[in-house]
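Hi,

Here is the structure I promised to pass on. Have a look at it first, and then read my notes below.

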Amino acid sequence: AAISSHDIEVLVSGGFLTQVQREDVKMCCRSFSVLELAKARRRWIMWPDVFNKVCDDLLVVPFPTSTEIMQKAAEFRYAISFDFTSWFHHFKMEPSVARFFAVKKQGRYFVPTSIPTGATQPPKFAHVLASAVAARAIAIIQLRIAVDVFIDNVRFCSDNKACFLEVNPL
């Protein structure tokens, strides 16, 4: 659905959008929200068409297929998964960059305070960073553990149940 005035209010009060003056805006993006029933919320999406067209090939990250993920999981007896909370909102956007990702609603302009979720590059960054965190965790544990990463979702797999007894969610 098109982003509503209520969505804008929620995003501004949550610190995800900041209102700016028209002269501070360099480019506007399409913006909408989708209902996520499982999380009982609306997910805000910004779709920066020009940015996506120009930057899509700058970072090439091979995402695993669902078949690859399921095959790896089938090799082990135990697994634990987690999803980084509000992963994209941890990456703050400088105001000088944010002005290229403006949203216009009822004659007012807003810019994001963190990287836009509808851009093609942020999921790639998230995937690379989550993979690095997972690899470091495995190196620290020093046991036979496999890991699957898909954007900001991480699953550790092992045949050793003891590997997961003291795991605390992030």
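The side chains of Asp 7 and Ser 33 are joined by a polar contact of 2.9 Å. By polar contact I mean a pair of N or O atoms within 3.5 Å; within protein, one must be able to donate a hydrogen and the other to accept it, and residues adjacent in sequence count only if both atoms are side-chain atoms. Before you read on: this is a predicted model, where local features need pLDDT of at least 70 and side-chain atom pairs count only at pLDDT 80 or more, while totals for chains, interfaces and linings use all residues. Residues are numbered from 1 along each chain as its sequence is written, and side-chain values use heavy atoms, with hydrogens and water left out.

Back to that pair. Asp 7 sits in helix 1 (residues 5-13), and Ser 33 is part of strand 2 (residues 30-36). Helices (H or I, at least four residues) and strands (E, at least two) are DSSP runs, numbered from the N terminus. Are the two residues buried or exposed? Ser 33 has a relative accessible area of 2%, so it is buried. Asp 7 counts as buried because its relative accessibility is 10%. The cut-offs are under 20% relative accessible area for buried and over 50% for exposed, with partly exposed in between (1.4 Å probe, protein chains only).

As for their other neighbours, leaving out residues up to four places away in sequence, Ser 33 touches Ala 1, Asp 7, Arg 42, Arg 43 and Trp 44. On the same terms, Asp 7 is in contact with Ala 2, Ser 33 and Arg 42. Contact here means heavy atoms within 4.5 Å.

Now the overall picture. The protein has 5 helices and 8 strands, and from the N terminus they come in the order α-β-β-β-α-α-β-α-β-β-α-β-β. Its C-alpha atoms fill a box of roughly 60 × 35 × 30 Å along the principal axes. Of the 170 residues, 36% count as buried. If you take the contacts with a separation of 6 or more, 67% of them are between residues 24 or more positions apart. The accessible surface is about 10,500 Å², and 59% of that belongs to carbon and sulfur atoms. Those areas come from the Shrake-Rupley method with a 1.4 Å probe; for residues, only the protein chains shown count as cover.

Three strands make an open sheet in the order 4-8-7, with antiparallel pairing. Strand 4 (78-83) and strand 7 (146-150) are the edge strands, each pairing on one side only. On average, neighbouring strands in this sheet are turned by 15 degrees against each other, direction ignored. Two strands pair if DSSP finds at least two bridges between them. Strand 8 (residues 153-158) has 6 bridges to strand 4, and Ile 80 stands opposite Phe 156 there. Strand 7 is joined to strand 8 by 5 bridges, with Ala 146 opposite Cys 157.

Helix 3 (residues 66-74) packs on it, touching strand 7 and strand 8, and its direction makes about 160 degrees with that of strand 7. Helix 5 (residues 121-141) lies across strand 7 and strand 8, at about 165 degrees to strand 7. For these angles, axes are lines fitted to C-alpha atoms, for helices over the stretch in contact, and angles run from 0 to 180 degrees between N-to-C directions.

Strand 7 and strand 8 also form a hairpin with 2 residues between them. With a relative accessible area of 18%, Ile 151 is buried. Gln 106 has a positive phi too, about 50 degrees, in the loop between strand 5 (103-105) and strand 6 (108-112). Gln 106 counts as exposed because its relative accessibility is 65%.

Finally, charges. How many salt bridges does a search of the whole structure find? The search finds 1, a salt bridge being a side-chain nitrogen of Lys or Arg within 4 Å of a carboxyl oxygen of Asp or Glu. Arg 155 forms a salt bridge with Asp 148, with 2.6 Å between the closest N and O atoms. Both Arg 155 and Asp 148 are buried.

Cheers
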